[in-house]
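Here are my notes on the model you sent. Please read them with the structure open.

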Amino acid sequence: MIKANELNEWSKDIFPILTDINTSFNNLRIIKIEDAEKLPEIRHHFFKSLWHQQRFILIVQLAKLLCDDGNQKRNFNKLCNKFENDGLDNEIKNLLEQNSSKLTDVHRTREDILKSVAEIKVNLQKQKNTIEKVKTLRDKVFAHTDPNGKTTNVNHVELEELVLFANEIYNSLFGKIFDRYVFLEKTEKWDLRFIIEIIKDNNQNCPAPNSVSK
């Protein structure tokens, strides 16, 4: 039986992983945009190193949640299986009953939850190839050194689809039960935008070399 406090623990454990995923993905996007805009500082070795670090975090954390890995205690595959196979305690049933009178997009019955679980499993299957790429990168490139692992890659669009999918799963399995939707993609408090803006302001405020008075 799934208990409300157990589901809350799942939510608390998964939330920081998703924060890492969204922050690292946005940092990669920001670095790419600023590089395209020819911000000179972005070409510094610090940002090149940071890019690799953020990609490392993104791949490892995505693998934790989306790969059907027996060693990982908290992943979406296991949670979907729990919803399918286990009943709900009275506290969760009461939450669902309370949701029945709300106008927000929430789960009102166990059948609603199972419908979402079925949709998630279909989409996990659709994303199977990309998830397998992530797993291969995690296992053969980031977790271990394997020369053959470097032949596997996953592009920006594929990663973005997985990030948005992971966010959607979180809000479906937790948000729609507890009625607390989270905008996980909003990462301004933690990502590089603050630092980039400081760099840009400094560039604008520094006079050009030929304009310095002698």
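1. Basis. This is a predicted model, in which local features need pLDDT of at least 70, side-chain atom pairs count only at pLDDT 80 or more, and totals for chains, interfaces and linings use all residues. Residues are numbered from 1 along each chain as its sequence is written, and side-chain values use heavy atoms, with hydrogens and water left out.

2. The α1/α2 pair. Helix α1 covers residues 4-36 and helix α2 residues 45-66. Helices here are DSSP runs (H or I, at least four residues), numbered from the N terminus. The two axes come within 8 Å and cross at roughly 145°. Axes are lines fitted to C-alpha atoms over the stretch in contact, and angles run from 0 to 180 degrees between N-to-C directions. The crossing of α1 past α2 is left-handed, meaning that the near helix is turned anticlockwise from the far one by less than a right angle.

3. What makes that contact. From α1 come I14, I17, L18, D20, I21, T23, S24, F25, N27, L28 and I31. From α2 come F47, L50, W51, Q54, R55, I57, L58, Q61, L62, K64 and L65. Contact means heavy atoms within 4.5 Å. By class, the contact of α1 with α2 has 14 nonpolar, 5 polar and 3 charged residues. Nonpolar covers Ala, Val, Leu, Ile, Met, Phe, Trp, Tyr, Cys and Pro; charged covers Asp, Glu, Lys and Arg; the others, Gly among them, are polar.

4. The two sides of α4. In helix α4 (residues 90-99), I92, L96 and N99 are buried. Buried means under 20% relative accessible area, exposed over 50%, and partly exposed in between (1.4 Å probe, protein chains only). Seen down the axis of α4, the buried residues fall within an arc of 55°, so they line one face of the helix. The arc is taken from the directions from the helix axis to the C-beta atoms. N90 and E97, on the other side of α4, are exposed. The buried residues of α4 pack against α1, α5 (110-126) and α7 (156-178).

5. The main core. Which residues have the most contacts inside the largest nonpolar core? They are L7, L18, L66, F76 and F83, in a core of 44 residues. A nonpolar core is a set of buried Ala, Val, Leu, Ile, Met, Phe, Trp, Tyr and Cys residues joined through side-chain atoms within 4.5 Å. Two or more residues each come from α1, α2, α3 (76-85), α4, α5, α6 (128-142) and α7. α7 gives the most, with 11 residues. Beyond four places in sequence, L7 is in contact with I2, L79, F83, I92, L173, F174, I177 and F178. Apart from this core lies another, of 9 residues, among them I30, L39, I42 and L192.

6. S11 is in helix α1 and is buried at 3% relative accessibility. Its contacts beyond four places in sequence are Y170, F174 and R180. S11 and L173 are 162 residues apart in sequence and 9.0 Å apart in space, C-alpha to C-alpha. N171 lies in helix α7 and is buried, with a relative accessible area of 4%. Leaving out residues up to four places away in sequence, N171 touches K176, R180, Y181, V182 and L184. E158 is also in helix α7, and counts as buried at 15%.

7. The loop between α3 and α4. D86 sits here and is partly exposed, at 21% relative accessibility. Not counting residues up to four places away in sequence, D86 touches M1, I2 and R110. D86 and I2 are 84 residues apart in sequence, with 6.2 Å between their C-alpha atoms.

8. Backbone points. Most residues other than glycine have a negative phi. K38 has a positive phi of about 65° although it is not a glycine. K38 lies in the loop between α1 and α2 and is exposed, at 58%. D179 has a positive phi of about 55°, and is not a glycine. D179 is in the loop between α7 and α8 (193-205) and is partly exposed, at 30%.
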